[in-house]
Amino acid sequence: MLGTIRGRITVAFIITSTITAVLGLSAASSIRRADELVTRTFDNSLMSINYARAAAADFAGMRAADARRWTTTDVAMRNALNQRVAALRQSYTESLEIAVDRAQSVRASRAAVAVAGAVEEWLDARLKLSDGPGQTMAWATLDRHAVAAEENFDLLINYTAGDGFTYRQEARAVVARETMLNLIGTFIAILLSGTVSYALGRRIIRPLADASQVASRIAAGDLSGAIPAGSADEVGRLLASMGVMRDNIRSAMEQEVAQRLTAEAHLADALETSKEGIVVVDADGRVTLTNGQAESYLGVAPGSLPPGTTVAQLAAASPDPANLARALLHPSDEHGEHRLGDGRWLRIGRSRTLDGGFMAVLSDITLLKDQESRLVSTNLRLDTALDNMSHGLCMFDADGRLTVVNRRYCEIFDLPQDAAILGLRHEALVALGGVAALGQESALSSEVGTIRGRDLKHLKNGRIIAISHKAVAGGGIVATYEDVTERRQAEARIAFMARHDVLTGLPNRSVFVERIDEALAHLGRGSRFSVLCLDLDRFKEVNDTLGHPVGDALLRAVAERLSACVREVDTVARLGGDEFAIILCDIRRPDDATILARRIVEVLSAPYTLDGHQVSVGVSIGICFAPGDGTTCDKLLKNADVALYRAKADGRGTWRFFEIDMDIRLQARRALELDLREALANGEFQLHYQPIYDFRAGRIGGFEALVRWIHPTRGLVSPGEFITIAEEIGLIVPLGAWCLKTACEEAMRWPDGIKVAVNVSAVQFRDEIVVASVREALTASRLPPARLELEITESVLLKDNVATLATLHALRRLGVRIAMDDFGTGYSSLSYLRSFPFDKIKIDQSFVRDITPDSDSGLIVRAVIGLGASLGMRTTGEGIETQTQFDRLKAEGCDEGQGYLIAKPGPAATVPEVIARWSDTRSRSARAVA
Ligand code: C2E
Ligand code: MG
Ligand code: MG
């Protein structure tokens, strides 16, 4: 324990503490003893004396009171004195008890007992004295007892006072002894503390001073001095540790020096092998360090720069026209680029050194420059492409700032070119009127839906823009904007056209069918609606004679008038051609449909002024009711159509309600149509020939071939009944070709000079088919073309005037003759005469019928004949049934005549007979033929 400083201090502490404790304890016990003695002296002895005295006083009081009792005779007084004695006796007893209690010695206690005994005897004697005889004797006893008591009282007091004195003496002896003891103990303690301090000082302070000296030497960098060996205590260990520490520091320093040397070697190596050239120049402008690469850039031999060479000298001596050294002389440039004489590019980075010079790092950036220039040209191309894009484009970075925008974007949003500045926040762009990519709405645009995943925006300027955006890697967004206004309009138009008739803007058949289905679906109990099918009368004539533009205008006008006739809730549709249809909703009264039909007939029949022409058409209407006449759309449309057919058959310009038997008639027409389709293949057609009489020559000049259908069950069906159907179903084309071929072949059997006329339908003129048919017929029959005459009606010329005229000319080039049939029935007969040099005009039989000199017809016939003569066209009067008509025409100068008067159309076999009959009839009366 004494081996360590801490142990030594602990031992010293224990010793001094023990001495102090012993001294303290001894002093404390002595003081306690003294206190006890003092207590005995004062508290017990003095108090005991006081109580003894008090008891003695009480006894004296008792004796006095007793004595007075004996001197008084007053009973009350005697009683009072007796009571006084009793009271004093009580007090005496208590005082004596306390005095006995506090008595300190045996002798005092014995004196107290004697007191008590004497007093008791005194009291007994007193009582005896008062009661019995022998008074004198008793007085003496009483006094004797009293004296004894008083003597014992004195003894008690004296003993007690003696005890107190004894205690006081004892206490004084104790205090004196303790004082001496404490003085000796304190002296010993001071001596011991001094010894302990001295020992500690010797064992701790000197080694510590040694250690501090060593520490100062190490701190001063002296790592070589000796370190004294210490003892085994803490300071000894401290000295040993300092020795170790000194050794460690020494080895660390040696290691660091070695590392630094290695690093320097590495640095030198790196400098030499570096691709960067390094030139260090001091404050005086002298080159202090260069590496091999720098020497190569400077164009000097390795190691050839003598120390102290200035940069200026180097620059002056350099043979290189680009002179890198001179570039180094511009200290203001922190970074610069320099092109060497061999074309390489260097970047010169200069940084200041602490000594006021600088270090220049020279990097070869030739490759970088190449890439840079390539990048510039790529960017140029990109910019050109961006600016010539048909789409608007803009791009925002992750912070919502504009990074790319092209010209088209500005055009689309009517932004000035310089408004869309790069870096602009997209909210700012929106505020300018652009539509940004992130869904913000400009005040100038509104959302109108999407197209193929792109948002559509409707700009206030009416344009519709399709926007697509895409997040780009690293945040931000790229958006393209396409102006789809035209496309959308076209789409809307297409959508409209899909459901409407383009010409009139009315709903088309599919919409009409939908509406009927809707009306059927909403049919309530007891409610009904009607379907009206309308077909314009004589529309075909208008179209054929005045041309399609007028026909179209007429259809538009009709559509307008029809729409005006119905209520909002009703539907007017154009089903095709001149067919219209109406749904009359929610019919209240049975004759609602009648009222409407009547109004429509009236309104549509009123004349139209179209393109300078007065035009009139009529309308036929078929009406049926739902649900009475049908509960499906098909049925209702079919039945209204049947009623329409009936209205037409009944003379047009009227309306008919559907009745069951109408359907039957329509079926008949359909059956006819079906038969007609097979008739050609079945060889059911025949040609009848009607002669054309040449007034001047007085003989038959030719025959008109008129087709006849010999139906297996119906018998002979006239062309009036089936030509229109044949035209409608397209059969007219093969039928027409067959007629041409048959007529030509037949004509080959006739005498030379007898011509054949064949009627050609307008339908055959489509696609110029007629030219091929005619050529084939002529080739097959070898009929001279001049003997073939083609009769066309005005309707042929109406189709496509230019193409038709070309076809007519083509036919003319074949050598055939062209006649205009039924002249005067159309609208523009005269104008057509001027468009093509017809060979012949056939005056319609309606004019011939009432040909009298003063009638309109007579005048017209005369005019036409005159016109024909002046245009070099022959004229033929049709439908001559009477001799008058025959004579009249002849007299008017008509070239030819045709009619039942001359001959009815008859089979081919009748031709020779007719020719023969009319061969020399120049003067013969035609009446004979009739
Ligand atoms: P169209 O070419 O004007 O032929 C004259 C029509 O008048 C014929 O009627 C003929 O029978 C009739 N006719 C002749 N003389 C008289 C007369 O004195 N009084 C009366 N009331 N009628 C007379 P058809 O044969 O019934 O032919 C009617 C129309 O059918 C022809 O009128 C023609 O337009 C057309 N047609 C006839 N055959 C052909 C044909 O092969 N091809 C074409 N495309 N149409 C034809
Ligand atoms: Mg004819
Ligand atoms: Mg005719």
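Modeller: Let's begin at A360, which sits in strand β5, residues 358–364. Helices and strands here are DSSP runs numbered from the N terminus (helices are H or I with at least four residues, strands are E with at least two). Before going on, keep in mind that this is a predicted model, where local features need pLDDT of at least 70, side-chain atom pairs count only at pLDDT 80 or more, and totals for chains, interfaces and linings use all residues. Residues are numbered from 1 along each chain as its sequence is written, chains are lettered from A and ligands numbered from 1 in the order in which they are written, and side-chain values use heavy atoms, with hydrogens and water left out.

Back to our residue. A360 counts as buried because its relative accessible area is 0%. The cut-offs are under 20% for buried and over 50% for exposed, with partly exposed in between (1.4 Å probe, protein chains only). So what surrounds A360? Skipping neighbours within four places in sequence, A360 is in contact with G277, I278, V279, L328, I348, G349 and R350; contact means heavy atoms within 4.5 Å. Take G277 from that list: G277 and A360 are 83 residues apart along the chain, yet their C-alpha atoms are separated by 7.9 Å.

G277 leads us to strand β1, residues 277–281, where five of the five residues are buried. In a regular strand, side chains alternate between the two faces of the sheet. In β1 both faces are covered: G277, V279 and V281 are buried on one side, and I278 and V280 are buried on the other.

Now for the partners of β1. Strands β1 and β5 run antiparallel and are joined by five bridges, and two strands pair if DSSP finds at least two bridges between them. Within this pairing, V280 stands opposite M359 of β5. β1 also pairs in the antiparallel sense with strand β2, residues 287–290, over three bridges, and there V280 has L289 as its bridge partner. β1 and β2 make a hairpin with five residues between them, and G285 in the turn has a positive phi of about 80 degrees.

S530 is part of strand β12, residues 529–537, and it is buried because its relative accessible area is 0%. Beyond four places in sequence, S530 touches I582, I583, L584, I587, A593, I623, C624 and F625.

R246 lies in helix α5, residues 234–273. Is R246 buried or exposed? Its relative accessibility is 12%, so R246 counts as buried. Leaving out residues up to four places away, R246 touches I218, L223, S224, G225 and I227.

For contrast, look at some loops. Most residues other than glycine have a negative phi, and most peptide bonds are trans. D611, in the loop between β15 (608–610) and β16 (613–615), has a positive phi near 55 degrees. D611 is exposed, because its relative accessible area is 67%. R782, in the loop between α22 (769–781) and β23 (788–792), has a positive phi near 60 degrees, and R782 is exposed at 69%. As for peptide bonds, the one from A626 to P627 is cis, with omega near 5 degrees; P627 is in the loop between β17 (618–626) and α17 (633–649).

β25 (residues 840–843) and β26 (residues 874–877) pair in the parallel sense over four bridges, with K842 opposite T876. β26 also runs parallel to β27 (residues 896–897), joined by two bridges, where G877 has G897 as its bridge partner.
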